[in-house]
Amino acid sequence: MHDFLCPKCRQYLRVGENIIFKVKNSKKQSALLLLSPQIGNYTSHKHPSFEIQTGESLEFYCPLCNTSLISEIHKNLAHVIMVDSMGDSHNVYFSQVMGEHSTFETDGESVHVAGEDAGRYTYFKIGDKFRKYF
Ligand SMILES: [Zn+2]
């Protein structure tokens, strides 16, 4: 299974069947949010006391170094590094908006798109903003 790393501290964010994030909602309440490591699977888990509305924009943070994972590409997209079974690194961008399904994965040469809402980011281009890691 692929590993997911924080782009800042390079520590592992995937544990078992989940990628673990710290998130803040629009009321600035913090919680842990678990996402599936399978690209295109938008199942998420959170404690029921943490309220988020569909369409609400969350802020994603690394739970280990507390760095914001907001991407430099778009404020709605968070950025993590995926390391595949060959040891190759990919940049993965996903929407921080609850209920919005858009994920982009790139190895610096090609972009793979998942999610029915990815069309909202059609201006998303491969280019200087994409760096190959490692
Ligand atoms: Zn980190």
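The largest share of the lining of the largest pocket comes from β8, which gives three residues. Strands here are DSSP runs of E with at least two residues, helices are runs of H or I with at least four, and both are numbered from the N terminus. This is a predicted model, in which local features need pLDDT of at least 70 and side-chain atom pairs count only at pLDDT 80 or more, while totals for chains, interfaces and linings use all residues. Residues are numbered from 1 along each chain as its sequence is written, and side-chain values use heavy atoms, with hydrogens and water left out.

Stay with the pocket. β3 (18-24), β4 (30-35) and β8 (89-95) each supply at least two residues of its lining. The volume of this largest pocket is about 340 Å³. Of its 25 lining residues, L35, N41, Y42, F94 and S95 are the closest to its centre. A pocket is an open set of points on a 1 Å grid over the protein atoms alone, where a 1.4 Å probe fits, with protein on both sides within 12 Å along at least five of seven lines; lining residues have an atom within 4 Å of a point. Grid points are joined across faces, edges and corners, and the volume is the space filled by probe spheres set on the points. The lining divides into 13 nonpolar residues, 11 polar and one charged. Ala, Val, Leu, Ile, Met, Phe, Trp, Tyr, Cys and Pro count as nonpolar, Asp, Glu, Lys and Arg as charged, and the others, Gly among them, as polar.

Now turn to the metal. Which residues hold the zinc ion as donors? They are C6, C9, C62 and C65, each through SG, lying 2.3 Å from the ion. Donors are N, O and S atoms within 2.8 Å of the metal (3.2 Å for Na, K and Ca); water is not among the atoms, so sites may look incomplete. The angles between the four donor atoms run from 104 to 112 degrees, so the arrangement is tetrahedral.

Along the chain, the donors are spaced C-x2-C-x52-C-x2-C. C6 sits in the loop between β1 (3-5) and β2 (14-15), and C62 in the loop between β6 (59-61) and β7 (77-83), so the pair ties together parts 56 residues apart in sequence.

M86 is exposed, with a relative accessible area of 70%. M86 lies in the loop between β7 and β8. Overall, the protein chain has zero helices and 10 strands.

Terms used:
Four donors count as tetrahedral if all angles lie between 85 and 135 degrees; four count as square planar and six as octahedral if opposite donors are over 155 degrees apart and all others between 65 and 115; anything else is irregular. Buried means under 20% relative accessible area, exposed over 50%, partly exposed in between (1.4 Å probe, protein chains only).
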